[in-house]
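Q: I have a structure open and would like to learn how to read a contact between chains. Could you walk me through it?

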Amino acid sequence: MKKHFHYEYLQSKVGYYTALGGMGVLALIGLAAAYYMEHHGHAVTGMTNEIVWGMPHVFAVFLIIAASGILNVASIGTVFGKTPYKPLGRLSAVMAAAVLAGGLMILVLDLGRPDRLVVAMTKYNFRSIFAWNIYLYNGFFAVVLLYLYTQMSQDFRVRRYYTAAGTLAFLWRLILTTGTGSIFGWLVARQPYDLAIFAPMFIALSFSFGLAIFILLMVALMKGDERPLGHGLVNRMGRLLGVFVAAAAYFTVVWWLTDLYAAEHRPMVGYLFFSGNIYSWLYWLGFMALGTIAPLFLVFSRSARTSFKPVVTASILTVLGGISLVYFVIIGGQSYPLVLFPGKQVSSTYNDGMFYSYAPSLPEILLGLGGMAVAVAIVLVASKTLRILPTTLADAAVDPHLATGEVAEMKKAA
Amino acid sequence: MMDQGARDKTASGQEVSREDELNEARRAFMRNIAAASVISLGGGLTLFTVGGSQAQAKKPEEPLDPKKRWGMLIDTTKCSDGCQKCVDACKQENGWEAEPHSPHDVQWIRKVNVKDPATGFMMSLPVMCQHCANPPCVDVCPTGASMQRADGIVRVNMHICIGCRYCMMACPYKARSFVHEDIPEEKKRFHAPMGKGCVTSCDFCAHRVDAGKIPACAEACPEGAMLFGDLNDPNSALSKRLKGIPSYQIREDLGTDTGIRYTRLP
């Protein structure tokens, strides 16, 4: 028998308005930071002619990758037919669009000429993967809204396209992340990039970043609004997070192994991954140890079956590890100099042949946090004005199988 | 009385005086006024014209010759380590000033010192935009601001550059700079578009080339080591020279087909 889920607006609680107010303040600070940088020029940031993309891009790329991954939660229910994920479809779609909006806000406000956004929207160079991404981002919003409409409509004639819209959204998000990865993968001149693996690696990263963010916001919303949330569901999502985290780490290992095999790239791999500099630490300690191995232990631990804490902690670590990796990719990748004369030592007044340093400035970080706050604020407002949050996510309500078997036994034992 | 010191070389090696240049500038100004007086609704429909014919009005907008491809051969055997004449001339001509090793200052051309660690061999050579036939900066630019003229010159259309810096990520030659702050009025040059928040790079002194002259760097080189000309014209001095000697491109393996060739690379 087909299951029907009930959705309800968030309640008007002090906590809700406090959270929304906090996000609003952060967003305003982010906007002020952007204005400061645009007014004075990028000279007041940590970005240079060598590190041309800085902290705003770290936040923006992280959020853009995560946005497509957040939509996976809906796809798992719609495209792959997994029952426990079906009631999460609406929240997943709204959150995906919100996080993409937050990421794009950062990216746009960091442009040298954000006032020319209309130029970016009207003049396209179709050879540019960047231009393609503009289409992919705009299309993402359209497809996700269509998907949401088919989920929320009361009209059967609309609802029957639910699976088709979900499949389209799933395919679109795969293409979108392929585009995001290719921004780096197609940079033929830069040794740390220039690999086709960036596209699938970014897709794997999106699975883990997106699910981690979804778990965190879902738990916060359900707990904050005092709605039932099953341990079985969270545990199941946590274990899936473990698979995604492992897959993402696998792609990064193949990345440096491939480069290590080519003699011309060995100095670069040595510098980025094994020299003990900040970037090596970000990869091995930030991404690998804290963002991959620790979450794996947590989500597959026995305590994860009876408590939210291990999965929530694993999600936080996945997010922090993810930001470490994106910083490693963007800043670390640029810190390695362009090789104009392979095998030769070079120097110039324009800093040829040097390893470039970068210190993020406060306005850059504030802009990034502002974009994140905008994403959360959109989710909060949408949850208050649209019926996207299920009234219950108790195990028995989402999937009877989750309420029986091993999980129940563990609960009894506990 | 013509000032002998105020003479420039043309692309074909002829000399022109400042007086001639001024007269040409005046004529161009009058043509521009005539062009500005033509108000068109597009599709060839002209509302009215004031002074000058339509043919005259279009003159400044005459298309560039796609049969040409401007290029340069740099004889690195003549390029000495300490010489900065080409760099200084570019600064003067295009109005940029860069503190050595500044992280933010604009640079259009720099001297790169190269050393072979295995043999100890050292050399110095100027590196600027290589004016590739297959420019990665043009491929990646989302708006088309990073563009290639019909005559092969690669430059930035400052009016539609949104300052995303993707071209700087893509350029294999580190030839581009981002304008990190306001440019003082006294340094602004009408012909060298640079604006805060946009990317900029060497444009082969397009304003000089269009006026039949050679780039400022080539003109300033005391050794005559920078030979500028049309790569597509078999009779140009550049083509003849290239036919007779081996020449090399920086990162030739990338297939960018640079317009700048060197007689020797490390």
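A: Gladly! Keep in mind that this is a predicted model. Let's begin with one pair of residues: Val346(A) stands opposite Val114(B) in β6(B).

Q: Which residue is the bridge partner of Gln345(A) in β6(B)?

A: That partner is Lys115(B). Step back to the strands themselves, and you will find β2(A) paired with β6(B), residues 109-115 of chain B, in the antiparallel sense over 4 bridges.

Q: How many residues does each chain give to the contact?

A: A contact is judged residue by residue, with C-beta atoms within 7 Å as the cut-off. Here chain A brings 39 residues and chain B brings 47. On the side of chain A that touches chain B, the elements giving two or more residues are α4 (117-122), α5 (129-152) and β2 (345-348). Sorted by class, that side of chain A has 18 nonpolar, 13 polar and 8 charged residues.

Q: Which strand of chain B is joined to β6(B), and by how many bridges?

A: Strand β7 of chain B, residues 122-128, runs antiparallel to β6(B), and 7 bridges join them. For one of the pairs, look at Ile109(B), whose bridge partner in β7(B) is Met128(B). The hairpin of these two strands has 6 residues between them, and there Gly120(B) takes a positive phi near 85 degrees.

Q: Why is β6(B) described as largely enclosed by the rest of the structure?

A: A residue is called buried when 20 or more other C-beta atoms lie within 10 Å of its own. In β6(B), 5 of the 7 residues are buried, so the strand is largely enclosed.

Terms used: Residues numbered from 1 in each chain as written. Chains lettered and ligands numbered in written order. Predicted model: local features only at pLDDT ≥ 70, side-chain atom pairs only at ≥ 80, totals over all residues. Contact = placed C-beta atoms within 7 Å. Nonpolar A, V, L, I, M, F, W, Y, C, P; charged D, E, K, R; others polar. Pairing = 2+ DSSP bridges. Buried ≥ 20, exposed ≤ 12 C-beta atoms within 10 Å, placed from the backbone.
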